[in-house]
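Here is a short report on a few local features of one model. Please keep the sequence and the coordinates open while reading.

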Amino acid sequence: MKKTPLSLLLLMLLFAFSSCEPDFNQNADYKDVTIAYGFLNPQDSRHYLKVYKAFLTNDNAIVEAGKLDNITYYDSISVAIEEYQNPRQTNPSKVIPFTMTTAVPKDSGVFAYNPQVIYYSDAKLDQNAVYKLKIVNKFTQKTITAMTPLVKNFALHGSSIPYEEARFALGHAPVTVKFYTAENAVMYDFYLKFHYVEVDTLSGDTITPNGLVSWRMARLHHSGNNSYLETKLPLYRLYSVIGQNLKNKKEHVVRYIKGRKCVDLEIWAAEENYSTYLDHFQPSSSVVQDRADFTNMECMDGTAYGVFSSRNYAKRSYKIINVPAWALEDSLIYGSETKNLGFRKYVD
């Protein structure tokens, strides 16, 4: 693990970051400083890696960060991951090259986003293998590496919530959720997700096909493999969370649940380096903000930062339907916390 002053933080928050003031010597000699992020998931059919570079400027750093040429390598680097069946293996079993693309959209922000430069591969990963990131600058031969095992597949226990319907939303007490831990994971985030659509009543067009209310309920640290764990979650707050996150009914717009199984309970498991990265950037209550930054990137001259790690998830989906004594959809449409949101009965 390496640490570097927070002065590079502006250059490193590539996925979700807010504006802050850069603090580095603009008159210093230029160094090729690389920032890379990648989080592998064996369940994904496509894998992405993001590789950017730091830059020096005498102009406004925020403005210059919005210029793509200042922060991207384009195709002047080769990006790949190497597959090893165990960490002691000398030569890789497989080399998986990543291809540069600008086809993946990104929300606007401080850094250049239109287009976004990112690297991808559609290779199938072996959850029993260890993967090594390798980035090579084609002109300087600067090489950056990082390694991670994959978080293996795991599952919610069958009796965690014994009904297909989201009956937990009508209660007033936490629900016990049971699951088997994932190998190579040390941290778990628990999410409740509600899917909906919005339709324009004048045109009949679906204007929001993938509406989502996502609520992170809890975070649990546990480093044991193949353990059986139980935790209590406030699933009963589903309607309250929907009411807090959606605006009241718009004129000429109605909402519907997206399919009968429109509620997902997800458990996301994180590998140690990803866990450390997430914990490190938790909001601090301290008045001292000059914290060190975490990275597991390796480079001969110490000019590489970021995180290469893995994650995985387990999911169960639940229905919001009307059955005797469990009028779940009626509660969404007419309940005190959601009645002003414009939901109508779902039609198959």
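Two strands pair if DSSP finds at least two bridges between them. Strands (E, at least two residues) and helices (H or I, at least four) are DSSP runs, numbered from the N terminus. This is a predicted model, where local features need pLDDT of at least 70, side-chain atom pairs count only at pLDDT 80 or more, and totals for chains, interfaces and linings use all residues. Residues are numbered from 1 along each chain as its sequence is written, and side-chain values use heavy atoms, with hydrogens and water left out.

**Strand pairing**

Strand 8 (residues 143-149) pairs with strand 7 (residues 130-137) in the antiparallel sense, over seven bridges. Strand 8 also pairs with strand 16 (residues 298-299), again antiparallel, over two bridges. Lys132 stands opposite Met147 of strand 8. Thr145 faces Glu298 in strand 16 as its opposite residue. Strands 7 and 8 form a hairpin with five residues between them. In that turn, Gln141 has a positive phi of about 65°.

Glu198 sits in strand 10 (residues 187-200). Why is Glu198 counted as buried? Because its relative accessibility is 4%, and buried means under 20% relative accessible area, with exposed over 50% and partly exposed in between (1.4 Å probe, protein chains only).

Asp264 belongs to strand 14 (residues 261-270). Asp264 is buried too, yet has no salt bridge. A salt bridge is a side-chain nitrogen of Lys or Arg within 4 Å of a carboxyl oxygen of Asp or Glu. The nearest side chain of opposite charge to Asp264 is Lys315, 4.1 Å away. Lys and Arg count as positive, Asp and Glu as negative; His and the chain ends are not counted.

The table gives side-chain polar contacts. Such a contact is a pair of N or O atoms within 3.5 Å; within protein, one must be able to donate a hydrogen and the other to accept it, and residues adjacent in sequence count only if both atoms are side-chain atoms.

| Residue | Partner | Distance |
|---|---|---|
| Asp264 | Ser317 | 2.6 Å |
| Glu198 | Thr208 | 2.7 Å |
| Glu198 | Arg255 | 2.9 Å |

Contact means heavy atoms within 4.5 Å. Leaving aside neighbours within four places in sequence, Asp264 is in contact with residues including Tyr191, His195 and Arg316.

**Helix 5**

Helix 5 spans residues 272-280. At its start, a side-chain oxygen of Glu271 reaches to within 2.9 Å of the backbone nitrogen of Asn273. The buried residues of helix 5 are Asn273, Tyr274, Ser275 and Tyr277.
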